[in-house]
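Please view the sequence and the model together before reading on.

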Protein chains: 2
Amino acid sequence: MLNYQLDKTFAALADPTRRVIVDRLVQGPASVSELAKPLPMSLPAAMLHLKVLEESGLVTSEKVGRVRTCRIDAKVLSQAEQWVGERRQMWERSLDRLGAYLDQTKPEDQP
Amino acid sequence: MLNYQLDKTFAALADPTRRVIVDRLVQGPASVSELAKPLPMSLPAAMLHLKVLEESGLVTSEKVGRVRTCRIDAKVLSQAEQWVGERRQMWERSLDRLGAYLDQTKPEDQP
DNA sequence: AAAATACTTAAGCAAGTCCTTGACAATTTG
DNA sequence: CAAATTGTCAAGGACTTGCTTAAGTATTTT
């Protein structure tokens, strides 16, 4: 059950520069140069990061005149959150089952 | 505010092979060869994936005799979930504020 | 002790990532 | 129209990733 979407989403989030861009975009939409300004790199480099974010679906953009406006797409963000959350929950349930099993098989150990 | 931990966690989760390993480990601990068996690659390749998971903190392991047993560490999983969740929430709040603003400035547009 | 099991290390290679500089649109603004 | 603004494309270089095979080591098992 391969999920290429998650590959791209997690890979996009693995880079600190791209997380800074996401941090900015969750406050609201922004232009390319507005996003690039605080970053310690050239504009083309910043655009490559934006491209990665767009290809992951985390960010969409639209060009009007000479300005491209970028915004977050929460659906993809939610998918990633859900994948991690499900696994965390499964692991916690495993631990619960183990606890219950130990309580049941060795109740005499409890004071 | 750089966070190397998140770099490593998201990078680890970006690979489908490593997500398969995580999927297995949330069911409970497993040995290296048990984890490698279903994977379409050599054992050394699988071990490299395990190394990435360990360096991210998502997985810990302990060797007893000749068997290394691996298990999930939920703390790191939770951190990743939390990062994504916070951003999703911030973006939703931004949308809410925009909605409230529009309602306030153009109430006459509502039928 | 010999053989099987479980893991580890090393060398090497193809492909991908992240950044640079330089040149080049396309669209306002003066 | 000329100049400034905003974004894009292309070539290339340093580095990392994900795999391979071959050759170990350490620990049971027979």
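Two strands pair if DSSP finds at least two bridges between them. Helices (H or I, at least four residues) and strands (E, at least two) are DSSP runs, numbered from the N terminus. The structure is a predicted model, in which local features need pLDDT of at least 70 and side-chain atom pairs count only at pLDDT 80 or more, while totals for chains, interfaces and linings use all residues. Residues are numbered from 1 along each chain as its sequence is written, and chains are lettered from A and ligands numbered from 1 in the order in which they are written.

**The sheet of chain A**

- Chain A has an open sheet of three strands in the order E1-E3-E2, with antiparallel pairing.
- Strand E1 (30-31) and strand E2 (59-64) of chain A are at the edges with a single partner strand each, so one side of each has no neighbour in the sheet.
- Six bridges link E2(A) and E3(A) in the antiparallel sense.
- Along this pair, Ser61(A) has Cys70(A) in E3(A) as its bridge partner, and Val64(A) stands opposite Val67(A).
- E2(A) and E3(A) form a hairpin with two residues between them, and Gly65(A) in the turn has a positive phi of about 65 degrees.

**Helices across the sheet of chain A**

- Two residues are in contact if their C-beta atoms, placed from the backbone, lie within 7 Å; axes are lines fitted to C-alpha atoms, for helices over the stretch in contact, and angles run from 0 to 180 degrees between N-to-C directions.
- Helix H2 (residues 16-25) of chain A lies across E1, E2 and E3 of chain A, at about 90 degrees to E3(A).
- H4(A) lies across E2 and E3 of chain A, and runs at about 115 degrees to E2(A).

**Chain B**

- In chain B, three strands form an open sheet in the order E1-E3-E2, and the pairing is antiparallel.
- Strand E1 (30-31) and strand E2 (59-64) of chain B are the edge strands, each pairing on one side only.
- E1(B) is joined to strand E3 (residues 67-72) of chain B by two bridges and runs antiparallel to it; Ala30(B) stands opposite Cys70(B) in E3(B).
- H2(B) lies across E1, E2 and E3 of chain B at about 90 degrees to E3(B), and H4(B) lies across E2 and E3 of chain B at about 115 degrees to E2(B).

**Contact between the chains**

- Chain B gives 27 residues to the contact and chain A gives 27 residues.
- On the side of chain B that touches chain A, helix H1 (4-13), H2 and helix H5 (74-105) of chain B give two or more residues each.
- H5(B) gives the most to this side, with 13 residues.

**The surface near DNA strand D**

- A residue is near a molecule or strand if its C-beta atom, placed from the backbone, lies within 6 Å of it.
- DNA strand D is surrounded by 21 residues, and the closest are Ser33(A), Pro44(A), Ser42(B), Ala45(B) and Gly65(B).
- Helix H3 (32-36), helix H4 (43-56) and strand E3 (67-72) of chain A, and helix H4 (43-56) of chain B, each supply at least two residues of this surface.
- H4(B) provides the largest share of the surface near DNA strand D, five residues.
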